[in-house]
Amino acid sequence: MTFATLDDVDVRGKRVLLREDLNVPMKDGAIADETRITAALPTLHRLRDGGAKTIILSHLGRPDGKRDPRYSLRPIAARLAELLGTPVTFVDDCVGAACVAASHAVPDGGFALFENVRFHSEEEANDPGFARSLAESGDLYVNDAFGTAHRAHASTVGVAADLPAYAGLLMAAELEALTRLTHDPVRPFVCAIGGAKVTDKVGVFENLLATVDAFVIGGGMANTFLAAQGVDVGTSLRDPDLGPATRIIAAAKAQGVSLHLPVDAVVADRFDADDTARVVALDAVGSAMILDIGPATAAAYAQVLRGARTIVFNGPMGVYEKKAYQDGTRVIGEAIAAATAAGATSVVGGGDAAAAAHALGFADAMTHVSTGGGATLEFLEGKTLPGVAALLR
Ligand code: 3PG
Ligand code: MG
């Protein structure tokens with residue numbers, strides 16, 4: 001995988017059209033989590049120090065091709081200016097004469113942020129004319145939006161055909177970290193996987209079965225695997241169709257990959273009855289609902305993870321948002337942190353996994369926490385991301 005990076009170009013005095021993924025969660029008009037904003041800072045600092053006129057493009061939410069003030073990037077411009085300690089001019093559109101004029105007006109080392117590219121339906125349609133209009137505000141194009149690299153849109157793919165295109169520092173770091181998982185990983189390679197449904201992650205299982213030594217499985221999807229093995233999981237969340245889980249179990253067996261499943265669980269009478277939370281063996285779930293892996297399972301998974309040299313953490317083990325059901329995810333997070341301290345490479349990928357790692361305080365102990373949700377999943381499924389393909393040469 002070779003692409004041009006910021007090391008390959010002198011940006012001084014040039015208008016750099018920079019695609020970032022500033023699609024951050026918002027709550028009541030305020031930024032609820034600024035991880036993706038801070039992740040963009042290394043590239044922004046590099047462009048500032050290099051004397052570029054940086055024009056930032058991003059989307060926010062899914063406004064469906066229409067101008068909608070709820071999805072305005074204006075609050076992000078204000079926060080960027082604070083973080084950068086320098087003004088960031090907000091321009092309330094992303095194409096047209098006013099935008100082109102604004103791009104020329106950015107001082108060397110300065111910044112402008114254009115309004116949400118998804119206010120135009122041509123963005124998601126990857127309309128070539130729209131891409132050319134975007135390109136008029138740049139002399140060169142830098143794509144740093146790893147989190148949006150699975151979308152073939154005008155600002156992530158189309159514009160790369162109109163301007164000399166480079167990967168930003170975040171894009172390069174994400175690809176480097178994720179490629180370490182898929183290309184000749186140091187063994188043992190263990191994937192801790194969780195999430196609601198097996199069907200959401202069939203592609204991840206299928207692709208990683210070729211490279212991992214073991215999976216440790218938690219979350220709602222563990223219930224589906226257990227049910228596929230004939231365990232009565234009571235009223236637990238599980239996929240109605242046990243076919244995919246059954247096929248994954250058979251494929252793992254055929255390929256000599258260990259598939260670790262829970263031996264005990266934290267259950268409750270109902271989802272909202274935390275006061276009834278208790279640990280049970282898996283033959284004693286009864287009519288209860290499984291909401292976390294149990295302590296014996298967590299200890300066994302932790303042991304597998306501590307022996308690993310490459311780890312991907314791809315989903316929480318339980319309903320970590322609630323205190324009663326966060327121990328499973330915390331224990332395996334601590335084990336991954338210990339393995340990392342001892343020299344293992346650990347990557348957190350997929351939206352829920354990153355949120356859990358931040359919430360439970362082990363994100364900083366990981367080698368890399370991906371800013372991608374869907375993009376990281378598609379990468380782990382072995383798919384070529386269109387935004388990356390557009391940069392390859
Ligand atoms: C994401 O958060 O998944 C990316 O920013 C892409 O957004 P989308 O899922 O709305 O295309
Ligand atoms: Mg998404």
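Reader: Axes are lines fitted to C-alpha atoms, for helices over the stretch in contact (heavy atoms within 4.5 Å), with angles from 0 to 180 degrees between N-to-C directions. So what does helix α11 lie across?

Author: Helix α11, residues 327-341, lies across β9 (189-193), β15 and β16. It runs at about 155° to β15. Helices (H or I, at least four residues) and strands (E, at least two) are DSSP runs numbered from the N terminus. The model is predicted: local features need pLDDT of at least 70, side-chain atom pairs 80 or more, while totals for chains, interfaces and linings use all residues. Residues count from 1 along each chain as written, chains are lettered from A and ligands numbered from 1 in written order, and side-chain values use heavy atoms, without hydrogens or water.

Reader: What's the strand order in the open sheet?

Author: β11-β10-β9-β15-β16-β17, with parallel pairing. Pairing takes at least two DSSP bridges.

Reader: How many bridges join β15 to β16?

Author: 4, between residues 310-314 and 345-348. Phenylalanine 313 partners valine 348 in β16.

Reader: New topic. Which α10 residues are buried?

Author: Thr297, Ala298, Tyr301, Ala302 and Leu305. Buried means under 20% relative accessible area (1.4 Å probe, protein chains only). Their arc, taken from helix axis to C-beta directions, is within 135°, so they line one face of α10.

Reader: How many disulfides?

Author: The search of the whole structure finds 0; a disulfide needs cysteine sulfurs within 2.5 Å.

Definitions and conventions. Buried < 20%, exposed > 50% of the residue type's maximum accessible area, 1.4 Å probe, protein only.
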